[in-house]
Amino acid sequence: MKRRAFITLLGGAAAAWPIAARAQQTAKLPTIGYLGTATPATQGQWAAAFVQRLRELGWIDARTVVVEYRWAEGRDERFAEIAAEFVRRKVDVIVTSGTPQVLAAKQATSAIPIVFATAGDPVANGLIDSLARPGGNVTGLSLQSNDIAQAARTLARRGKEQLRSREAIGLLCSHRK
């Protein structure tokens, strides 16, 4: 083998070696920080439902994703502590439920996505900028019956005035206490 060909071969192997070494390393699995409000005994069914839905979507705990559970055990002061721990551990997303928990997570990070199952009015509570343009790193479902009911009544009134055809059918439901 000629010297120049040998050096070229050696150089190519040296350049490819880091790529091969990276391919052999196990990739870090995405990590979900699950901030539970009480204890596994009282809220285990919610965590189990969460894991089941992840599985249905192809995310299998400890195989394709890691779920790190932390429980506040009914102590509100633990929300901020747990959220800060998730930030230090660099989880990929924080999942929780309830306005105080979401607020604690939002105060801990503006970079890690926060997904909540329920919370009060996200605009009034400072979780998002507006419903039209939420901005930030927080998303989820909220309990806004008064605002939504008012908006639905306004849309229904405008719809009745503007839509005179039978092609459009709408359903408006209102739950009153």
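How many of the 177 residues of the chain count as buried, as a percentage? The answer is 27%, where buried means under 20% relative accessible area, exposed means over 50%, and partly exposed is what lies in between (1.4 Å probe, protein chains only). Keep in mind that this is a predicted model, so local features need pLDDT of at least 70 and side-chain atom pairs count only at pLDDT 80 or more, while totals for chains, interfaces and linings use all residues. Residues are numbered from 1 along each chain as its sequence is written, and side-chain values use heavy atoms, with hydrogens and water left out.

**Overall layout**

- The chain has five helices and five strands, taken as DSSP runs numbered from the N terminus (helices are H or I with at least four residues, strands are E with at least two).
- Reading from the N terminus, the order of elements is α-β-α-β-α-β-α-β-β-α.
- Among contacts with a separation of 6 or more, 50% are between residues 24 or more positions apart; a contact means heavy atoms within 4.5 Å.

**Helix H4 and its packing on H3**

- Helix H3 (residues 78-89) and H4 have axes that come within 8 Å and cross at roughly 40 degrees. The axes are lines fitted to C-alpha atoms, for helices over the stretch in contact, and the angles run from 0 to 180 degrees between N-to-C directions.
- That angle makes H3 oblique to H4, since under 35 degrees counts as roughly parallel, over 145 as roughly antiparallel, 65 to 115 as roughly perpendicular, and the rest as oblique.
- On the H3 side, the contact uses Phe79, Ala80, Ala83, Ala84 and Val87, and on the H4 side Pro100, Gln101, Ala104, Ala105 and Ala108.
- Sorted by class, that H3–H4 contact has nine nonpolar residues, one polar and no charged ones. Here Ala, Val, Leu, Ile, Met, Phe, Trp, Tyr, Cys and Pro count as nonpolar, Asp, Glu, Lys and Arg as charged, and the others, Gly among them, as polar.
- Thr99, Gln101, Val102, Ala104 and Ala105 are the buried residues in H4. The buried residues of H4 pack against E1, H3, E3, strand E4 (114-116) and E5.

- Glutamine 101 sits in helix H4 (residues 99-108) and counts as buried because its relative accessibility is 6%.
- Setting aside residues up to four places away in sequence, glutamine 101 touches Leu35, Thr37, Phe79 and Thr96.
- Glutamine 43 belongs to helix H2 (residues 40-56) and is buried too, at 18% relative accessible area.

**Salt bridges**

- The structure holds eight salt bridges, each being a side-chain nitrogen of Lys or Arg within 4 Å of a carboxyl oxygen of Asp or Glu.
- Aspartate 92 pairs with lysine 28, their closest N and O atoms being 3.6 Å apart. This pair links distant parts of the chain, 64 residues apart: aspartate 92 is in the loop between H3 and strand E3 (93-96), and lysine 28 is in the loop between helix H1 (3-24) and strand E1 (31-36).
- Aspartate 92 is partly exposed at 39%, whereas lysine 28 is exposed at 60%.
- Glutamate 68 and arginine 89 also form a salt bridge (2.7 Å, N to O). Glutamate 68 is in strand E2 (residues 66-71) and arginine 89 in helix H3, so the bridge ties together parts 21 residues apart in sequence.
- Glutamate 68 is buried at 14%, while arginine 89 is partly exposed at 46%.
- A network of salt bridges links Glu68, Arg70, Glu85 and Arg89.
- Arginine 75 meets glutamate 73 in a salt bridge at 4.0 Å, N to O; arginine 75 is partly exposed at 39%, and glutamate 73 is partly exposed at 48%.

**Threonine 139 on strand E5**

- Threonine 139 lies in strand E5 (residues 138-140) and is partly exposed, with 48% relative accessibility.
- Beyond its neighbours within four places in sequence, threonine 139 is in contact with Ile114, Val115 and Phe116.
- Threonine 139 and alanine 117 are 22 residues apart in sequence, with their C-alpha atoms 9.0 Å apart in space.
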